[in-house]
Amino acid sequence: MSAQERPQLRPHLAAAPEDRAGRHFIIYDQLRLSDSTLRVSAVELEWANLFDGSRTLREVQAEAIRQIGGQLIPLDYLTQFAALLDEALFLHSPRFRQAAASPIRRPSCIGAYEGEPTALRQQLRELFVAPGGPGLPDEPRPDDRLRAALVPHIDYGRGGRTFAYAFKEVFERTAASLFVIIGTSHYSANRFTLTRKHFETPLGVAQTDQAYVDRLVAHYGEGLFDDELQAHLPEHSIELEVVFLQYLYEGRRPFRIVPLVVGSFRDSVLSGVPPVEFDDVGRMVEALRAAERETPEPICYLISGDLAHIGPKFQDPRPVSDVQLANSRRQDHALLEKAGAADPLGYFQVIAKEKDRRRICGLPPTYVVLEALRPSSGKVLHYDQYVHPKGHESVSFASVAFYR
């Protein structure tokens with residue numbers, strides 16, 4: 001029996017009202033595995049909700065009359081409706097399973113950056129050479145001291161110059177071809193999530209290092225792939241760093257990545273207990289150390305995280321004020337002082353003391369990398385603070401390099 005004969009909507013779909021009256025809705029994929037959207041009426045949305053895998057289309061036809069009322073839906077219409085959902089990858093069907101199992105993760109952030117390769121290269125170049133940018137990278141002069149860099153993951157339009165400062169330092173100072181990218185997890189409740197998928201962007205496909213992934217899994221244990229699709233498919237914190245790496249190393253040398261995202265440390269912040277004292281965080285810190293010891297080449301770690309998120313967009317009651325912005329900048333600089341000292345405990349304590357009221361999304365990946373690597377020093381390369389013209393939001397971010 002085909003999926004269309006006993007159709008089942010798959011997880012991670014959402015329906016947004018198209019009009020205030022609620023007459024029509026747009027169904028879309030929260031995982032961004034599918035680019036498709038479907039415009040449906042309110043009644044059709046109720047039909048779709050009957051597609052739970054337990055009913056044949058004839059049973060859906062009968063249940064729709066019982067629950068919704070109205071005229072009998074022609075079976076051909078339901079068949080066509082199920083086919084449309086399947087074509088859009090909205091059914092839990094062989095087509096969806098094949099797409100989900102693909103070894104290639106398709107880009108989810110095009111629109112936040114240019115989708116055409118030549119235009120994207122030009123966009124990235126402008127971030128280096130525009131006023132306030134760091135200038136184009138010089139020829140590499142690696143000295144084996146650079147261990148890691150904190151890079152923003154806000155969109156390029158607002159944070160692009162700060163990205164450029166970090167990647168200029170990375171390009172000039174490391175000879176590594178293996179980049180372990182540890183980013184904030186925005187979509188999964190799990191603490192740590194890996195993927196083996198390779199990352200596609202308009203500039204090509206960045207290969208994920210399967211041997212390193214094996215080593216990390218061996219030392220950490222089970223659970224690193226439990227929520228892989230939700231954690232990685234819609235996530236931007238890895239993809240935005242990969243695009244820069246591809247731009248910088250295109251035509252120079254191949255590189256590989258390891259994509260790891262880290263979920264909330266809220267339990268640690270509220271309790272005041274340092275994250276490393278939690279079992280899973282402690283295991284990941286030790287696993288990263290062990291995996292590096294077994295890796296026969298240099299590694300450069302990229303921390304993908306931003307700083308404060310304040311304003312009504314993030315559930316604060318009032319528009320952002322000048323006083324609030326000034327206070328947030330002071331707190332950011334206190335935080336960056338601890339980062340510059342390569343002090344993971346001090347970094348955590350600055351955030352814990354204010355109960356993370358400013359929502360420092362870069363806490364989890366930054367803390368994990370600093371605790372695992374224990375670099376000897378850090379250097380703040382650039383800091384910026386985006387402020388919405390009407391005070392609806394402010395997001396701050398920085399680039400920091402960490403050295404042996």
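User: Which residues do ring pairs link into a cluster?

Analyst: This is a predicted model. In it, a cluster joined by ring pairs takes in Tyr113, Phe128, Tyr156, Phe163, Phe167, Phe244 and Tyr247.

User: How many aromatic pairs does the structure hold?

Analyst: There are 17 aromatic pairs.

User: What describes a pair of aromatic rings?

Analyst: Two values do: the distance of the centres and the angle of the planes. Take phenylalanine 179 and phenylalanine 255, whose centres are 6.1 Å apart with 85° between the planes, which makes the pair edge-to-face. An angle over 60 degrees counts as edge-to-face.

User: Which parts does the pair of phenylalanine 179 and phenylalanine 255 tie together?

Analyst: Phenylalanine 179 belongs to strand 6 (residues 178–184), while phenylalanine 255 is in the loop between helix 9 (239–249) and strand 10 (256–262), so the pair connects parts 76 residues apart in sequence.

User: Are phenylalanine 179 and phenylalanine 255 buried or exposed?

Analyst: Both are buried.

User: What are the values for phenylalanine 348 and tyrosine 367?

Analyst: This pair is edge-to-face too, at 6.3 Å centre to centre and 65° between the planes. Phenylalanine 348 sits in helix 13 (residues 344–353) and tyrosine 367 in helix 14 (residues 363–373), so parts 19 residues apart in sequence are tied together. Phenylalanine 348 and tyrosine 367 are both buried.

User: Where does the charged end of arginine 191 sit?

Analyst: It sits over the ring of phenylalanine 278, 5.7 Å from the ring's centre. In another case, arginine 283 lies over the face of tyrosine 220, 4.3 Å from the ring centre.

Note on methods
Residues are numbered from 1 along each chain as its sequence is written. This is a predicted model: local features need pLDDT of at least 70, side-chain atom pairs count only at pLDDT 80 or more; totals for chains, interfaces and linings use all residues. Side-chain values use heavy atoms; hydrogens and water are left out. Rings of Phe, Tyr and Trp (its six-membered ring) pair if their centres lie within 6.5 Å; planes under 30 degrees apart count as stacked, over 60 as edge-to-face and the rest as tilted. Helices (H or I, at least four residues) and strands (E, at least two) are DSSP runs, numbered from the N terminus. Buried means under 20% relative accessible area, exposed over 50%, partly exposed in between (1.4 Å probe, protein chains only). A charge sits over a ring if NZ of Lys or CZ of Arg is within 6 Å of the ring centre and within 35 degrees of the ring normal.
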